[in-house]
Amino acid sequence: MIYLYLFWEYFKIGLFTIGGGYAMLPMVIQAVQKHGWLTSDQLYNFIGVAESTPGPFAINLATFVGTTVGNAQYGFWGGVLGAVVATFAVVLPSLIIIVIVSKVLERFKTSKVVQGVLYGIRPVVVGLILSAMIGIALNVVLPNVKLTDLGSASVTPFNWVSLVLMCAFLPLSRIKIKGKKLHPIFMILLSAGLGVLLFGVLKIPG
Amino acid sequence: MKKTSLWQLFATFFKTGLFTFGGGYAMIAILQEELVDKKKWITNQDMLDMIVVAESTPGVIAVNTATSVGYKTRGILGAIVATLGIVLPSFLIISLLSYLIDAFQSNIWYQSAFKGIQACVTVLVINAFTKMFKQIEHDVYNYVSFVVAFAIAAFTNFSVIYLILIGGICGLVVTLLKQKKSNKKLVVANVQDVSDQDTEEVDQ
């Protein structure tokens, strides 16, 4: 029974949130509280973890909620089943909707209406990416500060080391060695190593 | 475009899922490298249109992008395989971590590594942004709506859905108006052609 609820809540979350993982958060909190699945502490703790582990934020959150709920009720394998159900449910609407939209777009690609709408949305989406980019950059140098509340934000220590790292990575990501750029995955591994060295071994505060 | 094997599709998205930190936007950089530069399955323009679709439809942006690339390259089966690929790393890692969350959170080595990764992710998003910016048409309309959309998204809590909706409507109106104008021009040009011919005939 609990799996039916899990499926239903996560299917709704997948179906009704536009704008990605963070837009889902209010609905996730609501569902979790309504069913008493997790304590607020558990959830907020995990939001930090979901941000710092690989993979889409919303998927991480769904898997975690599913695991915790199933595990509390039926033990380890119950947790595994819960994770499968919640993750599958949050992905299913995407799968259906995107396949339909892609089909429609393919067929009407030359239609003036579709072209006009795409023409209008493209710059908006690129604007959204810029906004996300600045948000991410700001979060690195000034943790816990958001653009929307810059005025009221209390002063947090400026993270110089991360700024230097960013400035070093930017040209590094663009140089070509034998006509090839460094692969982003290699850059991530490199940055993880540098992080361990700078913040872990040398214990630079940042 | 070469035919993509389902295994390749799965492996590419699994790899992408494994190294995507900080949400869908950081993923764009990895996908550009893998899908556009290396494998050439899609172009940067396709990529932007897929992000447009992913942003304008419900669901997780990373999953939407994977589904849409999978569908474009190998149909419905491709969509399922790509989605499975992007979700599986999360699923495995988090299933495990759910039981070790306390140890994980207090691990100084992971925290240090993650601080480094965050700086790198920012750079990846900067690169993804510059590539996507090059793909929009460089006219006044695009520049204006880019700046307006950025400002609203960055400095207000205005809903992204409405922003996209308004963008789509404005784009449609502008395109139709342009078309009307060029049709008129065409008519005028035709009329001129005809009158030119008339004068020529008269001359003869």
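Okay, some housekeeping. Residues count from 1 along each chain as its sequence is written, and chains are lettered from A, with ligands numbered from 1, in the order in which they are written. Since the model is predicted, local features need pLDDT of at least 70 and side-chain atom pairs count only at pLDDT 80 or more, while totals for chains, interfaces and linings use all residues.

So, confidence. The model scores ipTM 0.83 and pTM 0.82. pLDDT, by the way, is the predictor's confidence in each residue, from 0 to 100. Chain A averages 86, and 93% of its residues score at least 70. For chain B the mean is 86, with 90% of residues reaching 70 or more.

I'll be talking about helices and strands, and both are DSSP runs numbered from the N terminus: helices are H or I with at least four residues, strands are E with at least two. Within chain A, the element with the lowest mean pLDDT is strand 2, residues 180–181, at 80, and helix 1 has the highest, 93. In chain B, helix 7 (residues 160–203) sits lowest at a mean of 76, and helix 6 (residues 140–155) sits highest at 94.

Let's look at chain B by itself. What does its secondary structure come to? Seven helices and zero strands. Reading from the N terminus, that's α-α-α-α-α-α-α. Of its 204 residues, 50% are buried. Buried here means 20 or more other C-beta atoms within 10 Å of the residue's own; 12 or fewer is exposed, anything in between is partly exposed, and the C-beta atoms are placed from the backbone. As for contacts, two residues are in contact if their C-beta atoms, placed from the backbone, lie within 7 Å. Take the chain B contacts between residues at least 6 apart in sequence: 54% of them join residues at least 24 apart.

Two lysines in chain B are worth a stop. B:Lys40 is in the loop between helix 2 (24–38) and helix 3 of chain B. Its phi is near 55°, a positive value in a residue other than glycine. B:Lys40 has 10 other C-beta atoms within 10 Å, so it's exposed. The other one, B:Lys181, is in helix 7 of chain B. B:Lys181 is exposed because it has 10 other C-beta atoms within 10 Å. From its C-alpha atom to that of B:Gly171, ten residues away along the chain, is 15 Å.

Now, where do the chains meet? The contact takes 84 residues from chain A and 95 from chain B. On the chain A side, the elements giving two or more residues are helix 1 (2–16), helix 3 (40–52), helix 4 (57–107), helix 5 (112–141), helix 6 (160–172) and helix 7 (184–201). Which one gives the largest share? That's helix 5 of chain A, with 25 residues. By class, the chain A side has 53 nonpolar, 29 polar and two charged residues. For the classes, Ala, Val, Leu, Ile, Met, Phe, Trp, Tyr, Cys and Pro are nonpolar, Asp, Glu, Lys and Arg are charged, and the others, Gly among them, are polar.

Let's stay with helix 5 of chain A. Its axis comes within 9 Å of the axis of helix 3 (residues 44–56) of chain B, and the two cross at roughly 85°. Axes are lines fitted to C-alpha atoms, for helices over the stretch in contact, with angles from 0 to 180 degrees between N-to-C directions. So helix 5 of chain A and helix 3 of chain B are roughly perpendicular. The cut-offs are under 35 degrees for roughly parallel, over 145 for roughly antiparallel, 65 to 115 for roughly perpendicular, and oblique for the rest. Chain A brings A:Leu118, A:Ile121, A:Arg122, A:Val125 and A:Leu128 to this contact, and chain B brings B:Leu48, B:Asp49, B:Ile51, B:Val52, B:Glu55 and B:Ser56.

Buried or exposed? A:Ile136 is buried, since it has 20 other C-beta atoms within 10 Å. Leaving out residues up to four places away in sequence, A:Ile136 touches B:Gly22, B:Val121, B:Thr122 and B:Val125.

Last stop: A:Cys167, in helix 6 of chain A. A:Cys167 counts as exposed, because it has 12 C-beta neighbours inside 10 Å.
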